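Reader: I've got a model open on my screen and I'd like to talk it through. Can you take my questions one by one?

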Amino acid sequence: MYEIFLNLIPPSVNDLYKTNFLSGRRELSKKGENFINEVKQELCKKQIFLNSRACYELKFTVFLLWSKLFSKGYPKTKSLFKRNDTDSREKIIKDVFTRALIDDDCQVFEGGVTKVAVDSEEQEGVLVYIK
């Protein structure tokens, strides 16, 4: 079992891909590439090795500033919450960790994402639980 904290905020799906206007295909954006490279560097430092034939549980906790989760303009705005859903962050985190540590995300049999509000940028990041 591993618990890994990375002081990195994954880009949302909206920032993760861009459209190549020549081919019309969706491609990984610079933000996405940078996030993947940073995570891979951190994982290399931690020297984590997993069995490529095993099944895994992969859970994430994303720690974000209060200001990124809650609207300052409430009740004038429609909602107390900003549009910062967990699905938007889960894809890139899951993809990076499965590519870096195991063969394919089909080996992940259980997972999930939790958001937690924090008070400072130093506390922002992602806690990854692998079992």
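Reader: What volume does the largest cavity have?
Author: Keep in mind that this is a predicted model. A search of the whole structure turns up one cavity of 30 Å³ or more. For the largest cavity, the volume comes out at about 50 Å³.

Reader: Which element supplies the largest share of the lining of the largest cavity?
Author: The lining includes Leu50, Tyr56, Leu58, Phe97 and Thr98. At least two lining residues each come from E4 and from helix H4 (86–101). The largest share is three residues, and the element behind it is H4.

Reader: And how many residues of that lining are nonpolar, polar and charged?
Author: Leu101, Ile102, Val108 and Ile130 are also among the lining residues. Sorted by type, the lining has no charged residue, one polar and eight nonpolar.

Reader: Let's move to the sheet. In what order do its four strands sit?
Author: Start with E4, which pairs with strand E5 (residues 108–118) in parallel over 10 bridges. E4 also pairs with strand E6 (residues 125–130), this time antiparallel, through six bridges. E6 in turn is joined to E1 by five antiparallel bridges. Put together, that's an open sheet with mixed pairing, in the order E1-E6-E4-E5.

Reader: Which strands are the edge strands?
Author: The sheet is open, with the order E1-E6-E4-E5. An edge strand here pairs on one side only, and that goes for strand E1 (2–6) and E5.

Reader: Which residue is the bridge partner of Val62 in E6?
Author: E4 and E6 run antiparallel to each other. For Val62, the partner in E6 is Val126.

Reader: Is Thr61 buried or exposed?
Author: Thr61 sits in strand E4 (residues 56–65), where nine of the 10 residues are buried. Beyond its neighbours within four places in sequence, Thr61 contacts Thr114, Val116, Gly125, Val126 and Leu127. The cut-off for buried is under 20% relative accessible area. Thr61 has 17%, so Thr61 is buried.

Notes. Residues numbered from 1 in each chain as written. Predicted model: local features only at pLDDT ≥ 70, side-chain atom pairs only at ≥ 80, totals over all residues. Heavy atoms only, no water. Buried < 20%, exposed > 50% of the residue type's maximum accessible area, 1.4 Å probe, protein only. Contact = heavy atoms within 4.5 Å. Pairing = 2+ DSSP bridges. 1 Å grid on protein atoms, 1.4 Å probe; cavity = no way out; pocket = protein on both sides within 12 Å on 5 of 7 lines; lining within 4 Å. Points joined across faces, edges and corners; volume = space filled by probe spheres on them. Nonpolar A, V, L, I, M, F, W, Y, C, P; charged D, E, K, R; others polar.
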